[in-house]
Amino acid sequence: MLGIGRGSREGAIPLEASIKNCGRTTQWSAALRLLREGLRLGVQLAPGHFIATASACRKGGQWQYALSALSDMWKAKLEPNVISYSAGISACEKGEQWQRALALLSEMREAKLEPDVISYSAGISRVPEGRAVGAGSGASERDVGGEA
């Protein structure tokens, strides 16, 4: 389907470009299919593949699938970074899932990653007035989205 070989790093570069293109056109389901096909074929994926997929899903209003793509990143034994967490937090913000966004902020700190302005602003932008910020709950470690 993708025309890339197993374990191929060469195939990973056009795959990421294809996923990013899906994000620009809000074709989140195509981005998710490309990512999962790359995983199935054993392509050596980088965090950018998962982040681009999560971004496409976020733009398409599919926060659950954005978190699922990021969970796939952890399953692929790739370490999350500030950008991947920010992508998840932004997806939660767009989906008005503020408790999950706060949980991701908390998990970020536990992973010894310093949230940036993007992480914090997305994490608190939709918190209902009068709620305590920083009490993140609702997502367990490495299971940020539950089942999509």
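This report describes the fold, surface and salt bridges of a predicted model.

## Overall fold

The protein contains seven helices and zero strands. Along the sequence the order of elements reads α-α-α-α-α-α-α.

Of the contacts with a separation of 6 or more, 68% are between residues 24 or more positions apart.

## Burial and surface

The protein has 148 residues, and 45% of them are buried.

Two salt bridges are present in the structure. One of them joins the side chains of arginine 36 and aspartate 72, with an N to O distance of 2.6 Å. Arginine 36 belongs to helix α2 (residues 28-41) and aspartate 72 to helix α4 (residues 63-75), so this pair ties together parts that lie 36 residues apart in sequence.

The two partners can also be described by their accessibility. Arginine 36 is partly exposed, at 33% relative accessibility. Aspartate 72 has 9% relative accessibility and counts as buried, because the cut-off for buried is under 20%.

Glutamate 37 forms a salt bridge with arginine 40, and their closest N and O atoms are 2.6 Å apart. Both glutamate 37 and arginine 40 sit in helix α2, with a spacing of three residues, or about one turn of the helix.

Glutamate 37 is buried, at a relative accessible area of 11%. Arginine 40 has 51% relative accessibility and therefore counts as exposed, the cut-off for that class being over 50%.

Note on methods:
Residues numbered from 1 in each chain as written. Predicted model: local features only at pLDDT ≥ 70, side-chain atom pairs only at ≥ 80, totals over all residues. Heavy atoms only, no water. Salt bridge = Lys/Arg side-chain N within 4 Å of Asp/Glu carboxyl O. Helix = DSSP H or I, 4+ residues; strand = E, 2+ residues; numbered from the N terminus. Buried < 20%, exposed > 50% of the residue type's maximum accessible area, 1.4 Å probe, protein only. Contact = heavy atoms within 4.5 Å.
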